Amino acid sequence: MDGINVFLLVMFIASIVIAIVTCKKIIKKDD
Amino acid sequence: MSDSLIIFLIFLVYVGGLIYIIFSNSKAQTFEDFAVAGRSFSWPFIAMTIIGTSFAGSLLTGQTQFGHDVGMVTTYFVASCIMGLYLFAIICGPLWKVGKKYNVKTLGEFLELRYGSKRLRIFVGAALLLVEFPWIVTELLASGYAVQILTNKAIPFNMGMIIIAVLFTIYVLFAGMRAVIFADYYQGWIFILCGLTLFMTAMFVHFGSWENMWIETRNFNEELLTVPGNWWGEVPGPMVYTSLILIAAFGAYMYPSLFSRIFAASSPKELKASLNVTPAFTILFAIAVFLVSVGTSSLSQYGVEDSAYAFLEFVSSLGPVATALVAIIILAGSLSMMDSMLGSWAIVITNDIITPLKPEISSETQIKIARIFTVIVACLGVAVAMMELPMIIQIVTRVYQVIVQAFPLVIFGLFWKKGNLYGAWAGLLVGFTVCIYTQFTLPDYIPALGGLQGGVVGLILNFIVYIAFSLVSEKGRGSEELFATYKERL
């Protein structure tokens, strides 16, 4: 895989992780 | 590692994350939970669900096709989103308070409360559902394109649509609004962070710079940089751009799916806080998607078979990860839109059509009925999506023209005490009649009016007739108690 695809893969994983982690944090805070 | 395996693994990771975030929430227990998620969500969720529902998968197919073929006119969407958000800011607070105090879950319920008419509730509920139905079709079409990109056209287009429809329906059947909003939140992040990065990367790889993209576009065809541009051999007239903006801005929050989002928030403060981020994302998205889609027209190797593929091929030419991501982003957008619409179909049919006729039905029965209709609507959506249809952008703009006719009823209903039932019926019927007439005669624009669309003419007459008839009688003017709700702290 070239550099561009690796970069895009990292952004993809980051967006999933950010979504799941922040979702849990916000729910905890709201509760 | 082969490209197909990379694409498959990325898709698995996406689905895995989605399943995790959906199933880590409890199933809807009551109809209130199913319909408005217990009115419990804070602003990040509201912002993402608005973005998810507003930025559908068909944006990356139909709207980019519009940019590729016609040019800058596709940016009407940005102006209409910003204007729509401003209108949302005006109506969301009062509507939320009314929803909380009187347990309103849908637009139809609000209209019955305000105008005192069950018939109006049933009629508007049914009409708006019918009008929203084509969006289910456009999203299924977009999903079909996504599956084609994901599988390199190994799975036939119609089969791809059926697979997605089955998966989406199963998810919506058990989700209810709560899980829909969590899923929108997850997909919103992929859409924004991943999507923006992907599209800007594609632009820089192909063109090297913004400046170069515009130079190449101008050299290819200057008309693409003008508004309204050349509409597949026709020039509609200068008013069409204004018309597109107005119709989409006034109509956006009349869709049952977006309207109901207002009631999912935990307070008006959370609704307004969500507006801190949504306009910014709209502008970023405009730059990354709409402007770049105009640039893709200068690259003749993309969109040869069907210009709706042009933007997708442009992006996926970067490699297997880009291919997987653009398909996922379309599916994420389509799912965000479809779960809202299938959900709101089920809720509105149950809440605004069946319950007024049979008020004694239990919450469990309401949920059962809602689920049955989810399946029926999804099947109908697939059946229609397989027919010979106009372009996605034509379907979208025609639908907006009709749905916008509900706007005067809501805005006057909220803020003008003299607005009455006669005004509501008269305005709505006049607006619908003009719209439906022009849908069959001049569906995209009216040349004699400089390109103005039938929906705008209908809306103007709707406003005038509403005011005129409201001054005739006091019937259905709404109680003082209702208007006092806006000032209450709830």
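## Close-up views of a predicted two-chain model

**View 1. Chain A and its surface.** The accessible surface of chain A comes to about 2,000 Å², and 71% of this area belongs to carbon and sulfur atoms. The model shown here and in the other views is a predicted one. The secondary structure of chain A consists of 1 helix and 0 strands, and the C-alpha trace of chain A spans about 45 × 5 × 5 Å along its principal axes. Chain A has 31 residues, of which 32% count as buried.

View 2. The size of an interface is often given as the accessible area lost when the parts come together. For chain A and chain B the area buried between them is about 2,100 Å², with 82% of it on carbon and sulfur atoms. Within the area that chain A buries against chain B, A:Asn5, A:Leu8 and A:Phe12 supply 26%, which is more than any other three residues supply. The contact draws on 22 residues from chain A and 30 residues from chain B, while the count of salt bridges between chain A and chain B is 0.

**View 3. A nonpolar patch on the surface of chain B.** B:Met159, B:Ile162, B:Ile163, B:Val166, B:Leu167, B:Ile170, B:Phe174 and B:Met386 form a nonpolar patch on the surface, and together these residues have about 680 Å² of accessible area. One of them, B:Leu167, lies in helix H8 of chain B, the helix that covers residues 157-207.

View 4. B:Glu132 is found in helix H7 of chain B, which comprises residues 118-151. This residue counts as buried because its relative accessibility is 1%, below the cut-off of 20% for buried residues. When neighbours within four places in sequence are left aside, B:Glu132 is in contact with B:Tyr255, B:Pro256 and B:Ser257, and also with B:Met341 and B:Ser344.

View 5. Over all chains the count of disulfides comes to 0. The cysteine sulfur closest to that of B:Cys92 belongs to B:Cys81 and is 16 Å away, so the two are too far apart for a bond. B:Cys435 is likewise in no disulfide, and the nearest cysteine sulfur, again that of B:Cys81, is 20 Å away. B:Cys92 is buried, with a relative accessible area of 0%, and B:Cys435 is buried as well, with a relative accessible area of 0%.

Conventions
Residues numbered from 1 in each chain as written. Chains lettered and ligands numbered in written order. Predicted model: local features only at pLDDT ≥ 70, side-chain atom pairs only at ≥ 80, totals over all residues. Heavy atoms only, no water. Patch = residues over 30% accessible without salt bridge, like charges linked within 9 Å, V, L, I, M, F, W, Y side chains within 5 Å. Areas by Shrake-Rupley, 256 points an atom, 1.4 Å probe, with all protein chains shown as cover. Salt bridge = Lys/Arg side-chain N within 4 Å of Asp/Glu carboxyl O. Helix = DSSP H or I, 4+ residues; strand = E, 2+ residues; numbered from the N terminus. Disulfide = S-S within 2.5 Å. Buried < 20%, exposed > 50% of the residue type's maximum accessible area, 1.4 Å probe, protein only. Contact = heavy atoms within 4.5 Å. Buried area = accessible area lost by both parts, 1.4 Å probe.
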